[in-house]
Amino acid sequence: MNLSLVDFLFYVFATISVGGGLAVILSRNPVTAAMFMILSLVGVASLFVLLEAFFLAVLQVLVYAGAVMVLFLFIIMLMDVGPESGKGTALSKKRLLSGFVAVLGVGFLTVLTLEYSGVAADSGANWQDVSEETRVEGANVVFSKSVKSFGYGLFTKYMLPLQVAGFLLLAAMVGVIVLSKKKKGESNDEDTEDSSLESSVPQPEEA
Amino acid sequence: MDTIGVQDFLVVAVLLFSVGFLGVVLRRNLLLVLMSLELMLNAINVALVAFSRHSANMDGSLFVFFIMTVAAAEVTVGLALLVALYKKRQSVFSEHMTLLKN
């Protein structure tokens, strides 16, 4: 059995993203978790590259690994939360129940995927050479690698959702400013710093 | 199987989603719960792009763009709420958020 380069890269990047995700939920220190989160996000971006969605890969690195995770790290260091102490992890009834629910949900998802991934695979031959007949009828934007088709789709078929997304970002920005504004009569000198920090975050996304 | 197909990407997406789900349910640090939410959204993005590539249709990829937008907005608001909560309670652990209990 010989692996082609694409297959090999797929396994490497899949391991990086899933392993990074596992390390996120297993690490006690939030800063370590954030670092592994960046690793996982870059792994997902590499998977996007393998799927030939280059623009989304760039966006993933810029928006997630760049903006969102930097914001996370700022907040972690602002709050000065130390590593989670192990004394609260004693198995209470509630935690046992939530663990049971989690395992049940994961099992359900896995069974569902194993059951239906074959159906998905049958409907088209191979993701690398998609023939004409597997293209979905009635869709006016055909998948392509170029950013141009991305912009075309956004500004024709998805014009209204794009406007709504822009408005959502504006609403989030205003909401964050209101949330982190210093209230009257409250004298806390750390307030002014983090309000300016957070209100500036949604803006680069809009560009 | 000589080459990877859409189902392999789906398996990765399910694994990532399960990891995120476990994080949301089992972790008590609310910062890590938010991060796990991001992991789940990323898993959905992987599945959407894989299906988009599979069916030679741009719609899935465009939807990923909107998911990213919503995720960024959600994270900023969530973190602002967390900071406000931390100022009041001096804690980010979910078992200390008991204002509405009983």
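1. Of the 207 residues of chain A, 24% count as buried, where a residue is buried if 20 or more other C-beta atoms lie within 10 Å of its own, exposed if 12 or fewer, and partly exposed in between, with C-beta atoms placed from the backbone. This is a predicted model, in which local features need pLDDT of at least 70 and side-chain atom pairs count only at pLDDT 80 or more, while totals for chains, interfaces and linings use all residues. Residues are numbered from 1 along each chain as its sequence is written, and chains are lettered from A and ligands numbered from 1 in the order in which they are written.

2. The secondary structure of chain A consists of eight helices and zero strands, so that helices (H or I, at least four residues) and strands (E, at least two) are here taken as DSSP runs numbered from the N terminus. Read from the N terminus on, the elements of chain A follow the order α-α-α-α-α-α-α-α. Of the contacts in chain A with a separation of 6 or more, 48% are made by residues 24 or more positions apart, two residues being in contact if their C-beta atoms, placed from the backbone, lie within 7 Å.

3. The largest nonpolar core has 75 residues, and the members that touch the most others are Leu47(A), Ala13(B), Leu16(B) and Val46(B); such a core is a set of buried Ala, Val, Leu, Ile, Met, Phe, Trp, Tyr and Cys residues joined through C-beta atoms within 7 Å. At least two residues of this core come from each of helix H1 (5-26), helix H2 (30-50), helix H3 (54-79) and helix H6 (159-179) of chain A, and likewise from each of helix H1 (6-26), helix H2 (30-54) and helix H3 (59-89) of chain B. H2(B) gives the most to this core, namely 16 residues. Because domain 1 (1-83) and domain 2 (144-207) of chain A both give residues to this core, it lies between them, the domain bounds coming from an automatic or database domain assignment.

4. Between the chains, 77 residues of chain A are in contact with 64 residues of chain B. On the side of chain A that touches chain B, at least two residues are supplied by each of H1, H2, H3, helix H4 (93-123), helix H5 (147-155), H6 and helix H7 (191-199), and the largest share, twelve residues, comes from H4(A). By class, that side of chain A has 51 nonpolar, 19 polar and seven charged residues, with Ala, Val, Leu, Ile, Met, Phe, Trp, Tyr, Cys and Pro counted as nonpolar, Asp, Glu, Lys and Arg as charged, and the others, Gly among them, as polar.

5. For H1(A), the 22 residues should span 32 Å at 1.5 Å a residue, and the end C-alpha atoms are 31 Å apart, which agrees; the expected span is 1.5 Å times one less than the number of residues. The buried residues in H1(A) are Phe10(A), Phe13(A), Ala14(A), Ser17(A), Val18(A), Gly20(A), Gly21(A), Val24(A) and Ile25(A). They cover an arc of only 150° around the axis, and therefore lie on the same side of H1(A), the arc being that of the directions from the helix axis to the C-beta atoms. These buried residues of H1(A) pack against H2 of chain A together with H1 and H2 of chain B, whereas the face turned away from the buried side carries the exposed residues Leu5(A), Phe8(A), Val12(A) and Thr15(A).

6. In H1(B), 17 of the 21 residues are buried, so this helix is largely enclosed by the rest of the structure.

7. Glu52(A), in the loop between H2 and H3 of chain A, has a positive phi of about 65° although it is not a glycine, and counts as partly exposed with 16 C-beta neighbours inside 10 Å. Ala56(B), in the loop between H2 and H3 of chain B, has a positive phi near 50° and is partly exposed, with 18 other C-beta atoms within 10 Å.
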